[in-house]
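Biologist: I've got a model open and I'd like to learn how to read it. Could you walk me through a few features, one at a time?

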Amino acid sequence: MSTPALKIYNTLTRTKEEFRPIDPAHVRMYVCGPTVYDYAHIGNARPLIVFDVLFRLLRHLYGDEHVAYVRNITDVDDKINARAFERGISIRELTDETNKVFQQDVKALGCLEPTVQPRATEHIAQMVAIIERLISSGHAYAADGHVLFDVPSMPNYGRLSRRSLDEMMAGARVDVAPYKRGDMDFVLWKPSKENEPGWDSPWGRGRPGWHIECSAMSWAHLGETFDIHGGGIDLVFPHHENEIAQSCCAFGRDVMANYWMHNGFLQVEGEKMSKSLGNFVTIHELLHTEKFGGRKWPGVVLRYAMLTTHYRQPIDWTVERLKVSLKHLSDMYDRTRNAEMSAPPNERVIRALCDDLNTHEAIVALGKLVGDASREAKQSGELLATCSFLGLDLEELDPKKMIARETQIHIKRRIDDRLAARASKNWAESDRIRDELAAMGVILKDHKDGATTWEVKR
Ligand SMILES: [Zn+2]
C-alpha cells in the first residue's frame, strides 16, 4: 500500500483540502503556545498533543529533517506582570519557573520537543520592525504612547473568522479609549508605567500587544508565509484574525499561512472548566496528585484519552474516559511485553491520520492490532512500533512503575525482612510476610540463587 495524501481541514476555506507544502524539503508549522504565568490546564494540553501528532505525521511523510515546528512561549503579558509584581520577582524569574513545569508537563504527555520554542521577550526587535512597516504602509498609527492597527485599512479583515466589519462593530463593546480611531482597532504596542516591564521603542518605553508576538516569532523562524498555523478554536477571533492582519499588511502578502487548523473545546465532566466551578484541572495535578478520580494518571493515559476523540470535535474530559484508556493501554502493554519493535507503523493508522488527523480512527485501528497481537508475534512488534509512532510510551504501564515510590521501598524492606526470617529458618514469619504482600497484590518469586524478586498481580 502506498502512503495516502495528507488531507487537512482548513479553517480559512472551511473545507478539507489536500496538503501541498510550499517546499516539501522544508515544511513549516506554527502553533500558538502557552502564556507561562501558572500551571497549564488540561484544555491547554489538547493543542499540545494534537499538533504533536501532526508533527510526527509530517516527519513520517516528509522526513525528520524536513519539518520545522515552532511553538512560542508568551513570557510578557498583563497576567504575568501582575503575578510577578504580587510575588515580588521579575517576570523572567516567574516565567522561567513556570516554563520549567510546562516543559516537564509536555514531556510527560509524550510530546516531541518542537524545532524552536521562541520567547516573546527575545523578539521585541522583530515586533518593532513589523510595527514600523505597518505604520509606514498606512495600516497602523501611533497615538498617546500606543500604536494601534487600523482595522478598516485592511479590506479583507475578518476573512478567517468570516465576520464582516459591520457585524464586528455592532458586536463590539463601546471602547472609550481616546487614542483609538476605530472601535475595532487593536493594540500593537502600549506604554509601560515605571514599575511595569518595558522596552525602549520609537514610541517610548512600552511593551507589545499579544497578537504582534506571533507575527514576529513566526516571521523570525518560518518566514513571511508558511504552511500550517494551529491553535485552539477560541483563538480564531480575534487572535488569529489579528495575526493575519499584521503579517499580511506588513509583508504585502495575501496569506500568512496556507492552512489554518483549530482544535475543539474541552469540557470537564460535562461542564465548562472554570476556577469558580472548582473543576479546573491542571496537567500537573493529573500527573502528580490524586485529585481527579482518586489516583495519579500516567502521561500516556492522558495522551491516549485525548486522542480517542477527533481533534475538531468537542471533548468531554471524564474520569471514566481515563479509566477506559488505562484499561486499553494495559492490554497493549501485556501484548507487547516480549515484543521486538518492528518498523514501520501500521498502515491503517497512518491512513486514518492522513484523513484530517483522524486519531479516533487511528485508535480503533490500534485496537484491532491488539486483537491480532495476541495471536502473532509479528503483530506485537507492529503494535509496539505504532504506539511509539503515536507517542504512546507503553513502558509507563509497567505495573511496577505505577506504584508509588514509598510503596516500592516498603515492599523491598519487607522482602529483606522475609529473607532474614528464612535465614533463621523462621518459616512461619516468612509465610506471613509473603501473605501480607500478596494481600497488597504483590507476588514474590524465590530464585535458585537465593534472591527474591516481586511482580504486580494483574
Ligand atoms: Zn498566536
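Modeller: Val147 has a relative accessibility of 0%, so Val147 counts as buried; the cut-offs are under 20% relative accessible area for buried, over 50% for exposed, and partly exposed in between (1.4 Å probe, protein chains only). Before we go on: this is a predicted model, where local features need pLDDT of at least 70, side-chain atom pairs count only at pLDDT 80 or more, and totals for chains, interfaces and linings use all residues. Residues are numbered from 1 along each chain as its sequence is written, and side-chain values use heavy atoms, with hydrogens and water left out.

Biologist: Fine. Which residues is Val147 in contact with, beyond its neighbours within four places in sequence?

Modeller: Contact means heavy atoms within 4.5 Å. By that rule the partners of Val147 include Ile131, Ile135, Tyr141, Phe186, Trp189 and Trp203. Val147 itself is found in strand β6 (residues 146–149); strands are DSSP runs of E, at least two residues, and helices are runs of H or I, at least four, numbered from the N terminus.

Biologist: What sheet does β6 belong to?

Modeller: Strands pair if DSSP finds at least two bridges between them. Here four strands make an open sheet, ordered β5-β6-β7-β8, with antiparallel pairing. β5 (140–143) and β8 (206–208) are at the edges with a single partner strand each, so one side of each has no neighbour in the sheet. From one strand to the next, the twist averages 20°.

Biologist: How many bridges join β7 and β8?

Modeller: Three, in the antiparallel sense. Trp189, for instance, has Pro208 in β8 as its bridge partner.

Biologist: And which helices pack there?

Modeller: For angles, axes are lines fitted to C-alpha atoms, for helices over the stretch in contact, and the values run from 0 to 180 degrees between N-to-C directions. Helix α4 (residues 124–136) packs on the sheet and touches β5, β6, β7 and β8, its direction making about 120° with that of β7. Helix α7 (residues 236–251) lies across β6 and β7, at about 80° to β7.

Biologist: Now salt bridges. How many does a search of the whole structure find?

Modeller: A salt bridge is a side-chain nitrogen of Lys or Arg within 4 Å of a carboxyl oxygen of Asp or Glu. The search finds 29. One of them joins the side chains of Lys190 and Asp78 (3.3 Å, N to O). Lys190 sits in strand β7 (residues 186–191) and Asp78 in helix α2 (residues 78–87), so this pair ties together parts 112 residues apart in sequence.

Biologist: Last one: which side chain does Thr452 meet in a polar contact?

Modeller: A polar contact is a pair of N or O atoms within 3.5 Å; within protein, one must be able to donate a hydrogen and the other to accept it, and residues adjacent in sequence count only if both atoms are side-chain atoms. The partner is the side chain of Asp446, at 2.8 Å. Thr452 is in strand β15 (residues 452–456) and is buried, at 13%.
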